[in-house]
Amino acid sequence: MRINEHPILSFKRGREITIYYKGRPIKAYEGETIAAALHAAGIKVLNYSRVRKRPRGLFCAIGKCSSCLMTVNGIPNVRTCITLAEDGMKIEENKPVLPKDIGYKENRKAEKVQADIIVIGGGPAGLMAAINAHDAGAKVVLIDENPMLGGQLVKQTHKFFGKREQFAGIRGIKIAEILEEEVRKRDINVYLETSAVGIFQNGNEKLVVGVRKEKELIEFHGRAVIVATGAMEKTVPFENNDLPGIYGAGAIQTLMNTYGIKPGGRALIVGAGNVGLILAYQLIQAGVEVKAIVEAMPRIGGYFVHAAKVRRLGVPILTRHTILKAEGKERVERAVIAEIDEKWQPIPGTKKEFEVDLIAIAVGLRPSVELLQQAGCQIKYVRELGGHIAIRDEWMETTVRGIFVAGDTAGIEEATTAMLEGKIAGIAAALRLGIADENWIGEIEKAQRDLEEFRSGPFGKHVVEGIKKLLEALQ
Amino acid sequence: MSEIPNYLRFGYITPEELFSIIPKPSEDRLRKRPVAVPECPQQIPCTPCKEICPTNAVIMEHPNDIPKVDYEKCIGCSLCVQVCPGLAFFMIHYVGDRARITMPHELLPLPKPGEEVVLLDRVGEKVGKGKVVSVVPREKARGDTPIITVEVPIELAWDVRAVKVVRE
């Protein structure tokens, strides 16, 4: 179901088009992804698992998992969550076999793009990296596999914390617009719907191999690469946690806030960190009833003010509770939760059932470091930063000279810190290449001071610990 | 491990807990004109309330400090209520046997001045009915958040923190 009235958002939909799901015509709008259009039409089972034939639905909605792979116009394994619907498209369940002939010419040459700095990822970190690298004098190309710039900002309807010079008090969606505008008014080459699939090196030359729209190969040549590929939603083990209707929290935000599609009628949220709390509020704004938020820890992990916002609208926040199982045939119909003891074991007699058609998993993120790993950057497991992280210095440079990192890829934090890290990485890359003059070092130092200030409270403590481990690993 | 405060176990703060962290405005002050009260007990890196205050009434030495309001300096302009990203600022004004509470309302429908609404406390329980006195729509608010002022029985001044608009 599409949302038409919303207290914060107005949805501008493109031209109406028709796509075909297993031959059945489905109404869609230009600018909408295939998965979003299918959801709006009530189609939530996208596939069946190969062996057990279990139903599969959307999970991450940002191109990071394989839950939404379908066969589109004969091409298998298309990520329907980030592929735009086009008039007349034929969508089928995924048939993971190589197509024999889909009309490609042989020996086609890859397009070659030359720049000084290649930024991978157009979220808050990547956008700031591109803007600052450009302003420091570099020729910049920015690539992102999504159809729009902004990364996760495009679904953040809440107002940001921090200082006003760092966009505090402004909604994330608006920040995405501001940063995109800044990029567009500069001479920055932007490639959307383009996935970076590998980073290769020849001396100081760097090559990023990109694939546009699942079919067109592009070679990005540069001398420095900034990887700002974000993060991927974690999940938790419980019975039937693969049922359609169980999403990463971000996927629900994408459906509801970016595409204006009501994701369900009644929801349970797992995780009372900032993401879970913010999501609960956004669900209520979209007209979804939130039955409860369960949190295994004995305390609310996110900011209290976010908790208070949903609590006063009647949403129970159950700390020391966990989800035991989801029930339903083709999709979620029910969730069973229970209180847990100090050893995290369910306490007998505390089971509760909720009739829900939506379960949001908001238990944290892990950095997307695959490209860095592939490029040979040294990786270390740092629990405080969300998992495996590339070792990097204070200028965000990894152990491979000329490869930089910023944002959630460099450690799970906030969009505010992602933007500051992006700024540092962008300027640092231009300095390393000898493009920027030394006056720019002052800008890096200012961003470093801002980061230090932002992280100086109790919520930044673990991040500071984690970064210390990364810097120690450099010795 | 230190004791977990109740507000972090349940997601709401009681007036007693709140006023053990920040001072409560005096009865005199509450009668004089509206006064801003921050319900923001945690050290989080955030300063818009301090930055927007025209009289420097929000006291915060470090961005991570919890905001405290110098109630004598506060002129009751409501800019902090409009701009607060955590929707954690409220304004209270005692008028006779009623209290006027100013709060954010980012939900549909937006009530109209004069409309009767259901009053909700910090856990979302219905505690009575009140009348909406004024509305600042989103387009006119400084922080892109609609704010409303609702008149409630004075004894509910420190309980009501949200409203529900019920229309047939």
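Residues are classed here by relative accessible area as buried (under 20%), exposed (over 50%) or partly exposed (in between), with a 1.4 Å probe and protein chains only. The structure is a predicted model, in which local features need pLDDT of at least 70 and side-chain atom pairs count only at pLDDT 80 or more, while totals for chains, interfaces and linings use all residues. Side-chain values use heavy atoms, without hydrogens and water, residues are numbered from 1 along each chain as its sequence is written, and chains are lettered from A and ligands numbered from 1 in the order in which they are written.

Aromatic pairing was examined with rings of Phe, Tyr and Trp (its six-membered ring) whose centres lie within 6.5 Å, planes under 30 degrees apart being stacked, over 60 edge-to-face and the rest tilted. Six aromatic pairs are found over all chains. Tyr191(A) and Phe220(A) form an edge-to-face pair, because their planes stand at 85°, with ring centres 5.0 Å apart. Strand β11 of chain A (residues 189-191) carries Tyr191(A) and strand β14 of chain A (residues 216-222) carries Phe220(A), so the pair ties together parts 29 residues apart in sequence; helices (H or I, at least four residues) and strands (E, at least two) are DSSP runs numbered from the N terminus. Phe220(A) is buried, at 0% relative accessibility, and Tyr191(A) is buried at 8%.

A further edge-to-face pair is made by Tyr303(A) and Phe459(A), with ring centres 4.8 Å apart and planes at 80°. These residues are 156 apart and link distant parts of the chain: Tyr303(A) lies in the loop between β19 (289-295) and α6 of chain A, and Phe459(A) in the loop between α9 and α10 (461-473) of chain A. Tyr303(A) is buried at 3% relative accessibility, whereas Phe459(A) is partly exposed at 25%. Together with Phe161(A), Tyr303(A) and Phe459(A) form one aromatic cluster.

The contact between the chains (heavy atoms within 4.5 Å) involves 38 residues from chain A and 47 residues from chain B. Buried area is the accessible area (1.4 Å probe) that two parts lose on being put together, summed over both. For chain A and chain B this area is about 3600 Å², 59% of it from carbon and sulfur atoms. Arg164(A), Phe304(A) and Arg312(A) supply 23% of the area that chain A buries against chain B, more than any other three residues.

Salt bridges were assigned where a side-chain nitrogen of Lys or Arg lies within 4 Å of a carboxyl oxygen of Asp or Glu. The count over all chains is 45, and two salt bridges cross the interface of chain A and chain B. Arg171(A) is bridged to Asp144(B), the closest N and O atoms being 2.6 Å apart, and to Glu106(B) at 2.8 Å, N to O. The latter pair crosses from the loop between β10 (140-143) and α3 (172-184) of chain A to the loop between β5 (98-104) and β6 (116-120) of chain B. Both Arg171(A) and Glu106(B) are buried.

Within chain A, Arg334(A) forms a salt bridge with Glu355(A), the closest N and O atoms being 3.2 Å apart. Arg334(A) lies in strand β22 (residues 334-339) of chain A and Glu355(A) in the loop between β23 (352-354) and β24 (358-361) of chain A, so parts 21 residues apart in sequence are tied together. Arg334(A) is partly exposed at 21% relative accessibility, as is Glu355(A) at 43%.
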